[in-house]
Amino acid sequence: MSDSNNETITIDGREIPFKAGQTIMDAALDADIYIPHLCHRPGLKPHGSCKLCTVDVDGRTGSSCTLPATAGQQISSNTEDLNEVRKTITQMLFVEGNHFCPSCEKTGDCTLQAVGYHLDMLDGHFPQFYPRREVDASHASIIIDRDRCILCALCVRASREVDGKNVFDIGGRGTDARLIVNAPSGKLVDTDIETDDLAAHICPVGAIIIKEHGYEVPIGRRTFDLHSVAEPGIEPVILRKGKHTDE
Amino acid sequence: MELNSGLKKQPTASLMSSENRDHLNGNHLLHRLYDIQRQSHHIPQHAIPALATELELPVSQIESAIDFYSFFHRTPRGRFDIMFSNCTSCGDLGMMRSLCDKLNIAPGETRADGAVSISDASCIGMCDQGPALLVNGRTITKLSPRRLDLIAEHIEANRALDQWPVEWFDVHDNVRKNGLLLSAPFEPGSALLASIKQGQENMLANIDQSGLRGRGGAGFSTGMKWKFCREAKGDAHYVICNADEGEPGTFKDRILLTSHAHSVFEGMTVCAYLIGAQKGYLYLRAEYRYLLPSLQAVLTHRHNSKLLGEEILGQHGFDFDIEIIVGAGAYICGEESALIESMEEKRGIPRVRPPFPVVSGYLNQPTVVNNVETLAAAAQIAVHGSDWFNAHGSDKSAGSKILSISGDCLTPGAYEYAFGVSIQRILDDCGAEDVQAIQVGGPSGTLIGPDEFERKLGFEDLATGGSFMIFGKDCDLLKVICNFAHFFAHESCGFCTPCRVGTTLLRNGLDKICNGKGTQYDVDEMRRMAALVKRRSHCGLGQTAPSPILDALERFPELFNEKLVHSDFEPHFDLDAALEEARQLTNRDDAEAHL
């Protein structure tokens with residue numbers, strides 16, 4: 001398969017090249033163009049569920065993480081209208097769950113929070129849903145706090161595609177959809193997940209966290225205290241959270 | 001622990017052979033869960049690991065499916081498990097509450113003695129003969145206060161369903177107006193003979209030239225779809241009949257499956273012949289489970305007549321078999337890629353497209369998914385030719401459309417019209433007077449008022465999958481819109497943020513306005529959210545869910561204005577409702593415990 005061609009797409013007036021088989025998101029990331037996203041992580045199969053990366057392609061709506069790049073596409077992304085849409089979607093994610101940033105140990109390392117700041121989100125705007133969701137603290141080193149889950153399925157895919165396991169899934173329907181664990185007990189302790197697994201670290205929010213490491217990095221020196229979520233090459237930095245983010 | 005996250009092995013040949021005389025794969029996850037629930041009145045937790053081992057599926061895949069489909073339950077249901085339709089046409093929740101009172105039970109609960117449980121369900125497709133309910137999956141139509149009394153008596157007497165009066169379970173076709181399809185006699189095998197005689201290329205050209213477009217509502221050219229699938233490379237090709245007729249107000253497929261099943265199955269077989277498929281599936285909505293025996297009998301008959309199986313009509317290399325898969329209560333499975341996911345024993349989550357099913361569908365192989373009516377029409381076109389078909393209809397909409405007419409009219413039922421017919425003509429035929437509004441194409445379609453009754457039915461003007469709901473002058477239209485908003489919030493699959501959260505926000509916003517607490521601010525907010533959900537959702541469900549609200553805001557703004565309180569802002573927060581949890585904890589419900 002040829003990995004390059006001479007064809008280009010145009011994002012917000014900037015013409016960028018793309019490789020055969022790339023999505024708009026892939027091409028944008030390669031060109032250091034940030035399109036806000038939560039359920040996408042390079043290297044994992046695109047999901048297209050959070051819809052934060054929604055763009056207008058030749059006047060039609062598309063998710064840049066799943067839409068194949070094709071020559072000549074005229075794409076609008078960083079526009080006032082689209083950023084307003086993205087802010088609203090981020091607010092929807094906030095009110096749907098139970099997110100209390102000040103008391104969450106993921107604060108400062110949380111991509112949802114960072115995207116909120118990036119989009120100038122000042123409040124949840126909509127009435128809170130206050131769902132009742134279960135915590136799973138059964139595992140010795142990893143905890144699931146479903147209050148914070150945004151159903152991005154990054155952990156589901158990381159476990160299957162990278163870790164070679166199948167620890168997580170999304171169950172249920174509509175607003176009752178929730179993260180579930182692939183074990184007869186439904187508990188994390190009864191799975192083969194390990195703390196070195198990508199699935200244990202990939203959560204963009206504080207829904208899956210490693211126990212006994214909270215607050216090792218003080219607030220003020222965390223990932224998004226030092227970096228913008230829109231910074232090129234930020235993905236590995238986000239994954240290193242809880243370690244030495246500023247090194 | 002199951003390591004393989006991907007698909008289970010392909011269905012084995014033995015399960016698929018013509019020896020399988022019930023034409024159902026008994027090992028399909030949805031069928032196994034149905035069997036377990038029939039025995040235990042729910043899916044017991046302990047049954048899941050054993051089922052996972054037996055079916056070689058991850059436990060989480062079974063867990064996720066149980067909670068996805070409305071007809072599966074985690075806690076025991078009654079020996080008589082009753083679901084009242086909550087559709088504006090075939091539902092009557094007042095009757096549900098009345099039966100609950102008679103049987104001393106609350107909606108959604110199971111009585112302590114395990115005798116009965118009562119809840120509601122999305123439209124069950126009986127809109128021409130409602131109010132209707134399902135009891136243990138069987139349909140009872142034409143409910144009346146008298147019938148409810150008797151049902152309560154039968155339940156208290158613990159009388160088995162087969163001892164209940166058989167006429168309660170009658171479902172009538174109610175065909176009020178025959179057209180091209182419903183009136184044409186069909187000789188089983190005739191479309192196949194014509195296809196074999198003309199050859200594949202010619203017959204495909206014939207279907208294409210007929211101008212037939214998908215009858216599910218989207219209207220994609222059937223000839224093109226078949227052609228794309230035929231040209232797509234794969235290990236196998238599949239043809240699927242989408243009989244998951246879930247759009248509220250639609251019941252025309254019920255009639256085709258009841259009285260025209262041969263032409264539906266023959267349409268599938270013609271398609272198989274043209275695209276090179278050896279296997280076909282009919283995905284039947286669970287609400288139509290009562291049709292299963294008659295559909296199975298037709299399939300058996302077709303086998304015996306060499307119209308299915310190996311070497312169909314003696315044609316060497318023409319092998320094709322049809323199996324039925326029964327759903328479990330999920331409107332989203334009417335979306336073709338969600339339907340395929342459901343067939344693959346997963347939650348019905350619409351796939352990312354491209355690739356389209358014609359290239360990568362069932363088991364990632366080239367797949368045609370067609371509506372019941374499309375396939376029946378294709379069979380007739382194969383017999384009578386493309387000219388016969390496109391001599392009827394309008395420029396861009398060839399042929400005819402079967403409508404499911406319900407609501408405020410004298411004679412609800414199935415009406416078949418050539419495309420291009422005016423709405424007013426339809427209203428005259430079914431005896432609808434003083435009409436306030438019509439929902440054309442069901443909740444996901446278009447809401448129109450009297451000044452638009454000269455508009456025409458067709459893809460170029462008012463497209464429809466068949467639902468035609470009439471609301472008379474005395475109908476509380478805002479309540480109807482509210483009902484639709486509840487429907488979509490309930491049926492949203494939950495995959496994408498705009499639809500999952502947005503349909504719930506829209507539902508809550510409408511509830512607030514209906515309850516007389518809404519302000520102009522709430523209307524503006526709803527308009528903004530509706531636009532976002534419509535534009536940014538992943539699939540057709542989200543993209544159409546806000547339509548009734550947007551249509552009503554545009555055409556019937558007074559519905560909202562009359563209900564608004566005239567202040568700038570009213571909180572969503574309801575203090576009395578917030579105290580409900582405290583009341584339950586303290587076991588109080590007296591006046592002092594309320595504000």
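The model is predicted, so local features need pLDDT of at least 70 and side-chain atom pairs count only at pLDDT 80 or more, while totals for chains, interfaces and linings use all residues. Residues are numbered from 1 along each chain as its sequence is written, and chains are lettered from A in the order in which they are written.

Let's begin with chain B, where an automatic or database domain assignment gives domain 1 (80-169), domain 2 (175-390), domain 3 (400-472) and domain 4 (478-561). The centres of domain 2 and domain 4 of chain B, taken over C-alpha atoms, are 34 Å apart. Each of these two domains gives 8 residues to their contact (C-beta atoms, placed from the backbone, within 7 Å).

Next comes the partner chain: 35 residues of chain B are in contact with 35 residues of chain A. On the chain B side, α19(B) provides the largest share, 8 residues. Other elements giving two or more residues include α3 (47-55) and α20 (520-536) of chain B; helices are DSSP runs of H or I, at least four residues, numbered from the N terminus.

Finally, look inside. Leaving aside neighbours within four places in sequence, B:Val264 touches several residues, including B:Cys241, B:Leu256 and B:Val372.
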